Amino acid sequence: MKRISAPSFLLYSYIATEMLAPFFASFLILYSVFFLIRLMPLLDIVLELRIGFADFVRMFCYIFPHMLLYVIPMASMTGVIIGFTRLTNEREMLVLKSSGVSLRQMLPPVLLLALAISALTGFFSVRLIPAGEIAMKQLMFQLAKEKIDKGLQARTFSEALGDLVVYVDKIDQQNQWHGVYVSDKRSRLQPIIIMAEKGQLAAEIDRMLVTVVLENGTLHNTEDNQSQVVRFQRYQMQIPLRPPTRIGGDDVTVRGRGSMTLQQLLQASEKYGADTRNGVVYLTEFYDRLVLPVGCFILSLLALPLGMQTGPGRRATGIPLGLFFFILYYVLYTFGRLLSENLMVPPLVGMWLPSALFAGLTLYVFRRVEQ
(Lines give C-alpha, C1' and ligand atoms only; values in the text may rest on other atoms or scores of the structure.)
Protein backbone atom coordinates (compact mmCIF):
# COMPACT_ATOMS: atom_id res chain seq x y z
CA MET A 1 0.00 0.00 0.00
CA LYS A 2 1.32 3.39 -0.93
CA ARG A 3 2.18 5.55 2.05
CA ILE A 4 1.24 9.20 2.17
CA SER A 5 3.40 11.68 4.05
CA ALA A 6 0.65 14.06 5.06
CA PRO A 7 -3.13 14.10 4.98
CA SER A 8 -4.59 15.90 2.01
CA PHE A 9 -7.51 18.29 1.83
CA LEU A 10 -9.62 15.35 0.65
CA LEU A 11 -8.87 13.50 3.88
CA TYR A 12 -9.72 16.56 5.99
CA SER A 13 -13.02 17.05 4.20
CA TYR A 14 -13.82 13.35 4.57
CA ILE A 15 -13.22 13.40 8.34
CA ALA A 16 -15.21 16.65 8.66
CA THR A 17 -18.13 15.06 6.78
CA GLU A 18 -18.03 12.06 9.10
CA MET A 19 -18.36 14.40 12.09
CA LEU A 20 -20.87 16.91 10.70
CA ALA A 21 -23.55 14.35 9.79
CA PRO A 22 -23.92 12.97 13.35
CA PHE A 23 -23.48 16.50 14.73
CA PHE A 24 -26.56 17.81 12.94
CA ALA A 25 -28.52 14.65 13.74
CA SER A 26 -27.59 14.92 17.43
CA PHE A 27 -28.39 18.63 17.39
CA LEU A 28 -31.91 18.04 16.07
CA ILE A 29 -32.62 15.25 18.56
CA LEU A 30 -31.22 17.10 21.57
CA TYR A 31 -32.87 20.36 20.62
CA SER A 32 -36.24 18.63 20.21
CA VAL A 33 -35.90 17.16 23.70
CA PHE A 34 -34.91 20.50 25.24
CA PHE A 35 -37.71 22.24 23.36
CA LEU A 36 -40.37 19.84 24.64
CA ILE A 37 -39.11 20.29 28.19
CA ARG A 38 -39.20 24.07 27.78
CA LEU A 39 -42.58 24.00 26.04
CA MET A 40 -44.59 22.78 29.03
CA PRO A 41 -44.11 25.90 31.22
CA LEU A 42 -44.50 28.05 28.10
CA LEU A 43 -48.03 26.78 27.55
CA ASP A 44 -49.21 28.39 30.81
CA ILE A 45 -48.10 31.80 29.53
CA VAL A 46 -49.59 31.20 26.08
CA LEU A 47 -52.98 30.31 27.52
CA GLU A 48 -53.03 33.02 30.18
CA LEU A 49 -52.00 35.88 27.89
CA ARG A 50 -53.84 34.43 24.86
CA ILE A 51 -50.72 34.63 22.73
CA GLY A 52 -51.15 34.23 18.98
CA PHE A 53 -48.95 32.15 16.72
CA ALA A 54 -46.77 35.08 15.58
CA ASP A 55 -46.04 36.19 19.17
CA PHE A 56 -45.38 32.58 20.16
CA VAL A 57 -42.75 32.32 17.40
CA ARG A 58 -41.15 35.55 18.67
CA MET A 59 -41.09 34.21 22.22
CA PHE A 60 -39.59 30.96 20.99
CA CYS A 61 -36.82 32.87 19.16
CA TYR A 62 -35.96 34.84 22.30
CA ILE A 63 -35.43 31.73 24.43
CA PHE A 64 -33.72 29.92 21.54
CA PRO A 65 -30.15 31.01 22.52
CA HIS A 66 -30.56 29.70 26.09
CA MET A 67 -31.18 26.17 24.90
CA LEU A 68 -28.40 26.26 22.31
CA LEU A 69 -25.88 27.15 25.01
CA TYR A 70 -26.11 23.55 26.24
CA VAL A 71 -27.35 21.74 23.13
CA ILE A 72 -24.46 22.81 20.86
CA PRO A 73 -21.59 21.53 23.11
CA MET A 74 -23.38 18.23 23.66
CA ALA A 75 -24.12 17.82 19.95
CA SER A 76 -20.54 18.72 19.05
CA MET A 77 -19.10 16.15 21.41
CA THR A 78 -21.56 13.50 20.20
CA GLY A 79 -20.81 14.25 16.55
CA VAL A 80 -17.04 13.83 16.97
CA ILE A 81 -17.45 10.64 19.01
CA ILE A 82 -19.85 9.01 16.55
CA GLY A 83 -17.74 10.04 13.56
CA PHE A 84 -14.52 8.49 14.89
CA THR A 85 -16.36 5.48 16.31
CA ARG A 86 -17.62 4.67 12.83
CA LEU A 87 -14.15 5.15 11.32
CA THR A 88 -12.71 2.77 13.92
CA ASN A 89 -15.41 0.10 13.69
CA GLU A 90 -15.21 -0.10 9.91
CA ARG A 91 -11.38 -0.38 10.03
CA GLU A 92 -10.91 2.89 8.17
CA MET A 93 -8.83 4.15 11.08
CA LEU A 94 -6.61 1.09 10.75
CA VAL A 95 -6.12 1.82 7.03
CA LEU A 96 -5.23 5.46 7.78
CA LYS A 97 -2.68 4.45 10.41
CA SER A 98 -1.12 1.84 8.15
CA SER A 99 -0.84 4.55 5.47
CA GLY A 100 1.24 6.69 7.79
CA VAL A 101 -1.49 9.04 9.01
CA SER A 102 -1.02 9.68 12.71
CA LEU A 103 -3.67 10.78 15.20
CA ARG A 104 -2.15 14.26 15.31
CA GLN A 105 -2.52 14.56 11.54
CA MET A 106 -6.24 13.84 11.93
CA LEU A 107 -6.56 16.61 14.49
CA PRO A 108 -6.91 19.72 12.19
CA PRO A 109 -10.51 19.07 11.03
CA VAL A 110 -11.57 18.36 14.62
CA LEU A 111 -9.74 21.47 15.77
CA LEU A 112 -11.46 23.64 13.14
CA LEU A 113 -14.87 22.19 13.97
CA ALA A 114 -14.30 22.74 17.70
CA LEU A 115 -13.17 26.34 17.11
CA ALA A 116 -16.18 27.11 14.90
CA ILE A 117 -18.67 25.64 17.35
CA SER A 118 -17.06 27.28 20.40
CA ALA A 119 -17.07 30.62 18.55
CA LEU A 120 -20.77 30.14 17.80
CA THR A 121 -21.40 29.27 21.45
CA GLY A 122 -19.50 32.39 22.50
CA PHE A 123 -21.60 34.54 20.19
CA PHE A 124 -24.78 33.15 21.74
CA SER A 125 -23.41 33.59 25.26
CA VAL A 126 -22.07 37.13 24.87
CA ARG A 127 -24.49 38.68 22.38
CA LEU A 128 -27.72 36.84 21.73
CA ILE A 129 -28.68 35.72 25.24
CA PRO A 130 -28.59 39.26 26.78
CA ALA A 131 -30.42 40.68 23.76
CA GLY A 132 -32.98 37.86 23.93
CA GLU A 133 -33.70 38.48 27.62
CA ILE A 134 -34.30 42.18 27.03
CA ALA A 135 -36.54 41.44 24.05
CA MET A 136 -38.43 38.82 26.07
CA LYS A 137 -39.11 41.36 28.82
CA GLN A 138 -40.43 43.87 26.29
CA LEU A 139 -42.59 41.24 24.60
CA MET A 140 -44.11 40.07 27.89
CA PHE A 141 -44.88 43.63 28.90
CA GLN A 142 -46.47 44.32 25.52
CA LEU A 143 -48.60 41.17 25.70
CA ALA A 144 -49.69 41.91 29.25
CA LYS A 145 -50.70 45.45 28.29
CA GLU A 146 -52.53 44.20 25.22
CA LYS A 147 -54.48 41.84 27.46
CA ILE A 148 -55.46 44.82 29.63
CA ASP A 149 -56.45 46.89 26.59
CA LYS A 150 -58.60 44.06 25.27
CA GLY A 151 -60.21 43.62 28.68
CA LEU A 152 -61.12 47.30 29.02
CA GLN A 153 -64.26 47.64 26.92
CA ALA A 154 -66.73 50.50 26.92
CA ARG A 155 -69.77 50.09 29.18
CA THR A 156 -68.33 46.93 30.75
CA PHE A 157 -67.02 46.32 34.27
CA SER A 158 -63.48 45.04 33.85
CA GLU A 159 -61.04 43.40 36.31
CA ALA A 160 -58.14 43.38 33.85
CA LEU A 161 -56.14 45.57 36.25
CA GLY A 162 -56.31 43.11 39.13
CA ASP A 163 -57.79 44.70 42.26
CA LEU A 164 -59.08 47.67 40.27
CA VAL A 165 -62.57 47.34 38.86
CA VAL A 166 -62.90 49.80 35.98
CA TYR A 167 -65.99 50.96 34.13
CA VAL A 168 -65.67 53.32 31.16
CA ASP A 169 -68.69 54.85 29.48
CA LYS A 170 -66.86 55.65 26.22
CA ILE A 171 -63.40 55.08 24.68
CA ASP A 172 -62.46 57.32 21.75
CA GLN A 173 -60.06 56.59 18.89
CA GLN A 174 -57.09 57.97 20.87
CA ASN A 175 -57.87 55.47 23.68
CA GLN A 176 -59.03 58.30 25.92
CA TRP A 177 -61.62 57.31 28.50
CA HIS A 178 -64.79 59.32 29.10
CA GLY A 179 -67.07 58.78 32.07
CA VAL A 180 -64.81 56.66 34.30
CA TYR A 181 -65.77 54.68 37.38
CA VAL A 182 -63.04 52.91 39.41
CA SER A 183 -63.31 50.70 42.48
CA ASP A 184 -59.89 50.47 44.14
CA LYS A 185 -59.72 47.36 46.36
CA ARG A 186 -55.95 47.20 46.76
CA SER A 187 -55.11 46.10 50.34
CA ARG A 188 -58.48 47.32 51.62
CA LEU A 189 -61.66 45.81 52.94
CA GLN A 190 -63.73 48.79 51.84
CA PRO A 191 -62.91 49.92 48.30
CA ILE A 192 -62.19 53.51 47.34
CA ILE A 193 -64.69 54.70 44.75
CA ILE A 194 -63.32 57.10 42.13
CA MET A 195 -65.39 58.87 39.49
CA ALA A 196 -63.82 61.06 36.81
CA GLU A 197 -64.76 62.78 33.59
CA LYS A 198 -61.69 61.60 31.67
CA GLY A 199 -58.89 59.08 31.97
CA GLN A 200 -56.24 57.16 30.14
CA LEU A 201 -53.79 54.29 30.55
CA ALA A 202 -50.02 54.91 30.26
CA ALA A 203 -47.30 52.24 30.24
CA GLU A 204 -43.73 52.34 31.60
CA ILE A 205 -41.85 49.38 30.21
CA ASP A 206 -38.60 49.99 32.15
CA ARG A 207 -40.42 49.83 35.48
CA MET A 208 -43.00 47.21 34.41
CA LEU A 209 -45.82 49.55 35.45
CA VAL A 210 -49.06 50.79 33.99
CA THR A 211 -50.37 54.13 35.22
CA VAL A 212 -54.04 55.06 35.30
CA VAL A 213 -54.41 58.86 34.98
CA LEU A 214 -57.81 60.37 35.85
CA GLU A 215 -58.92 63.99 35.41
CA ASN A 216 -61.69 66.13 36.94
CA GLY A 217 -63.28 63.77 39.40
CA THR A 218 -64.07 62.85 42.97
CA LEU A 219 -62.67 60.23 45.34
CA HIS A 220 -65.02 58.63 47.89
CA ASN A 221 -63.33 56.92 50.85
CA THR A 222 -65.25 55.12 53.62
CA GLU A 223 -63.37 53.89 56.68
CA ASP A 224 -64.44 53.26 60.33
CA ASN A 225 -67.95 54.55 59.71
CA GLN A 226 -66.52 57.79 58.37
CA SER A 227 -66.73 58.94 54.78
CA GLN A 228 -64.53 61.37 52.92
CA VAL A 229 -64.99 63.03 49.54
CA VAL A 230 -61.99 64.52 47.76
CA ARG A 231 -62.21 66.49 44.54
CA PHE A 232 -59.25 66.42 42.18
CA GLN A 233 -58.18 67.75 38.84
CA ARG A 234 -55.62 65.00 38.24
CA TYR A 235 -55.22 61.67 40.01
CA GLN A 236 -52.99 58.79 39.05
CA MET A 237 -52.50 55.21 40.21
CA GLN A 238 -49.50 53.03 39.43
CA ILE A 239 -50.18 49.33 39.01
CA PRO A 240 -47.27 46.86 38.65
CA LEU A 241 -47.83 44.26 35.97
CA ARG A 242 -47.68 40.72 37.27
CA PRO A 243 -48.39 38.49 34.29
CA PRO A 244 -47.58 34.75 34.43
CA THR A 245 -44.06 35.14 33.06
CA ARG A 246 -42.13 32.36 34.78
CA ILE A 247 -40.52 29.90 32.41
CA GLY A 248 -38.78 27.01 34.10
CA GLY A 249 -38.60 28.91 37.40
CA ASP A 250 -37.11 32.09 35.90
CA ASP A 251 -39.06 35.35 35.74
CA VAL A 252 -38.39 36.58 32.22
CA THR A 253 -39.73 40.07 32.99
CA VAL A 254 -37.03 40.80 35.57
CA ARG A 255 -33.87 42.20 34.10
CA GLY A 256 -31.09 40.36 35.86
CA ARG A 257 -27.47 39.55 35.23
CA GLY A 258 -28.32 37.53 32.12
CA SER A 259 -29.46 40.60 30.21
CA MET A 260 -26.36 42.68 30.99
CA THR A 261 -23.39 43.07 28.66
CA LEU A 262 -19.85 42.10 29.67
CA GLN A 263 -18.94 45.73 30.29
CA GLN A 264 -22.05 46.27 32.43
CA LEU A 265 -21.21 43.17 34.48
CA LEU A 266 -17.69 44.45 35.18
CA GLN A 267 -19.03 47.89 36.08
CA ALA A 268 -21.58 46.38 38.46
CA SER A 269 -18.87 44.23 40.06
CA GLU A 270 -16.65 47.28 40.57
CA LYS A 271 -19.59 49.25 41.96
CA TYR A 272 -20.30 46.73 44.73
CA GLY A 273 -16.67 45.71 45.16
CA ALA A 274 -14.98 42.59 43.79
CA ASP A 275 -14.56 41.22 47.34
CA THR A 276 -18.23 41.56 48.29
CA ARG A 277 -20.95 38.99 47.67
CA ASN A 278 -22.90 41.21 45.27
CA GLY A 279 -19.76 42.10 43.36
CA VAL A 280 -18.68 38.46 43.09
CA VAL A 281 -22.10 37.46 41.73
CA TYR A 282 -21.67 39.83 38.80
CA LEU A 283 -18.06 38.77 38.33
CA THR A 284 -18.98 35.08 38.15
CA GLU A 285 -21.60 35.92 35.52
CA PHE A 286 -18.87 37.70 33.55
CA TYR A 287 -16.61 34.64 33.68
CA ASP A 288 -19.57 32.39 32.89
CA ARG A 289 -19.97 34.04 29.47
CA LEU A 290 -16.34 33.19 28.65
CA VAL A 291 -15.98 29.80 30.32
CA LEU A 292 -18.79 27.97 28.53
CA PRO A 293 -17.44 28.53 24.98
CA VAL A 294 -13.99 27.40 26.14
CA GLY A 295 -15.55 24.35 27.76
CA CYS A 296 -17.32 23.56 24.50
CA PHE A 297 -13.96 23.67 22.68
CA ILE A 298 -12.28 21.36 25.22
CA LEU A 299 -15.12 18.83 25.25
CA SER A 300 -15.10 18.68 21.44
CA LEU A 301 -11.38 17.85 21.45
CA LEU A 302 -11.84 15.29 24.22
CA ALA A 303 -14.40 13.54 22.01
CA LEU A 304 -11.70 12.58 19.47
CA PRO A 305 -9.82 10.04 21.66
CA LEU A 306 -13.10 8.92 23.24
CA GLY A 307 -14.45 8.04 19.80
CA MET A 308 -11.55 5.65 19.27
CA GLN A 309 -12.34 3.58 22.37
CA THR A 310 -13.80 0.81 20.22
CA GLY A 311 -12.84 -1.65 17.53
CA PRO A 312 -14.04 -4.74 15.67
CA GLY A 313 -15.58 -7.13 18.15
CA ARG A 314 -15.41 -4.57 21.00
CA ARG A 315 -18.26 -2.65 22.56
CA ALA A 316 -18.34 1.05 21.64
CA THR A 317 -17.82 2.95 24.93
CA GLY A 318 -17.21 6.39 23.43
CA ILE A 319 -20.78 7.72 23.75
CA PRO A 320 -21.29 6.58 27.40
CA LEU A 321 -17.87 8.00 28.30
CA GLY A 322 -18.67 11.22 26.47
CA LEU A 323 -21.96 11.60 28.35
CA PHE A 324 -20.17 10.88 31.63
CA PHE A 325 -17.48 13.51 31.01
CA PHE A 326 -20.06 16.03 29.76
CA ILE A 327 -22.10 15.69 32.96
CA LEU A 328 -18.94 15.68 35.09
CA TYR A 329 -17.77 18.93 33.51
CA TYR A 330 -21.03 20.74 34.21
CA VAL A 331 -21.17 19.35 37.75
CA LEU A 332 -17.67 20.69 38.44
CA TYR A 333 -18.55 23.94 36.70
CA THR A 334 -21.69 24.40 38.84
CA PHE A 335 -19.79 23.46 42.00
CA GLY A 336 -17.04 25.96 41.19
CA ARG A 337 -19.61 28.68 40.57
CA LEU A 338 -21.29 28.02 43.92
CA LEU A 339 -17.94 28.16 45.71
CA SER A 340 -17.15 31.45 43.98
CA GLU A 341 -20.51 33.06 44.76
CA ASN A 342 -20.21 32.02 48.41
CA LEU A 343 -16.75 33.67 48.62
CA MET A 344 -15.03 30.35 49.38
CA VAL A 345 -12.63 30.59 46.43
CA PRO A 346 -11.68 33.47 44.09
CA PRO A 347 -14.03 33.68 41.09
CA LEU A 348 -11.12 33.34 38.66
CA VAL A 349 -10.16 30.01 40.24
CA GLY A 350 -13.65 28.65 40.81
CA MET A 351 -14.90 29.42 37.31
CA TRP A 352 -11.82 28.41 35.29
CA LEU A 353 -10.56 25.42 37.29
CA PRO A 354 -12.98 22.85 35.68
CA SER A 355 -11.86 23.92 32.20
CA ALA A 356 -8.20 23.71 33.23
CA LEU A 357 -8.70 20.22 34.68
CA PHE A 358 -10.48 19.00 31.55
CA ALA A 359 -7.80 20.53 29.34
CA GLY A 360 -5.20 18.47 31.20
CA LEU A 361 -7.43 15.39 31.00
CA THR A 362 -7.84 15.88 27.24
CA LEU A 363 -4.07 16.05 26.72
CA TYR A 364 -3.54 12.94 28.86
CA VAL A 365 -6.21 10.83 27.10
CA PHE A 366 -5.03 12.03 23.68
CA ARG A 367 -1.44 10.93 24.39
CA ARG A 368 -2.57 7.55 25.73
CA VAL A 369 -4.69 6.86 22.64
CA GLU A 370 -1.95 8.10 20.32
CA GLN A 371 0.52 5.67 21.86
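Reader: What makes helix 6 and helix 7 roughly antiparallel?

Author: In this predicted model, the axes of helix 6 (residues 277–307) and helix 7 cross at roughly 165°. Angles over 145 degrees count as roughly antiparallel. That makes helix 6 roughly antiparallel to helix 7. The two axes come within 10 Å.

Reader: Which residues make the contact, and what is the hand of the crossing of helix 6 and helix 7?

Author: The crossing of helix 6 and helix 7 is right-handed. On helix 6, the contact residues include R277, V280, T284, D288 and L306. On helix 7, they include G318, F325, Y329, Y333 and E341.

Reader: Why are helix 7 and helix 8 called roughly antiparallel?

Author: Helix 7 (residues 318–341) and helix 8 pack at about 160°. The cut-off is over 145 degrees, so helix 7 and helix 8 are roughly antiparallel. Their axes lie 7 Å apart. Helix 7 passes helix 8 in a right-handed crossing. Helix 7 contributes F325, L328, Y329, L332, Y333, G336, R337 and S340 to the contact. Among the partners on helix 8 are P347, G350, M351 and F358.

Reader: How do you know that helix 5 and helix 6 are roughly antiparallel?

Author: The axes of helix 5 (residues 262–272) and helix 6 cross at roughly 155°. Roughly antiparallel needs an angle over 145 degrees. Helix 5 and helix 6 therefore get that label. Their axes come within 7 Å.

Reader: Is the crossing of helix 5 and helix 6 left-handed or right-handed, and which residues meet?

Author: Helix 5 passes helix 6 in a left-handed crossing. From helix 5, L262, L265, L266, A268, S269 and Y272 take part.

Reader: What makes R86 and E18 a salt bridge?

Author: Their side chains meet at 2.5 Å, N to O. The limit is within 4 Å, from a nitrogen of Lys or Arg to a carboxyl oxygen of Asp or Glu. The pair qualifies as a salt bridge. R86 sits in helix 2 (residues 53–89) and E18 in helix 1 (residues 9–49). The pair links distant parts of the chain, 68 residues apart.

Reader: How many salt bridges does the whole structure hold?

Author: A search finds six.

Reader: What makes L348, V349, L353 and L357 a patch?

Author: A patch takes residues with over 30% relative accessible area and no salt bridge, and nonpolar side chains are joined within 5 Å. L348, V349, L353 and L357 form such a nonpolar patch on the surface. Together they have about 360 Å² of accessible area. L357 belongs to helix 8 (residues 347–370).

Terms used
Residues numbered from 1 in each chain as written. Predicted model: local features only at pLDDT ≥ 70, side-chain atom pairs only at ≥ 80, totals over all residues. Heavy atoms only, no water. Patch = residues over 30% accessible without salt bridge, like charges linked within 9 Å, V, L, I, M, F, W, Y side chains within 5 Å. Areas by Shrake-Rupley, 256 points an atom, 1.4 Å probe, with all protein chains shown as cover. Helix = DSSP H or I, 4+ residues; strand = E, 2+ residues; numbered from the N terminus. Axes fitted to C-alpha atoms, helices over the stretch in contact; angles between N-to-C directions. Parallel < 35°, antiparallel > 145°, perpendicular 65-115°, else oblique. Left-handed = near helix turned anticlockwise from the far one by under 90°. Contact = heavy atoms within 4.5 Å.
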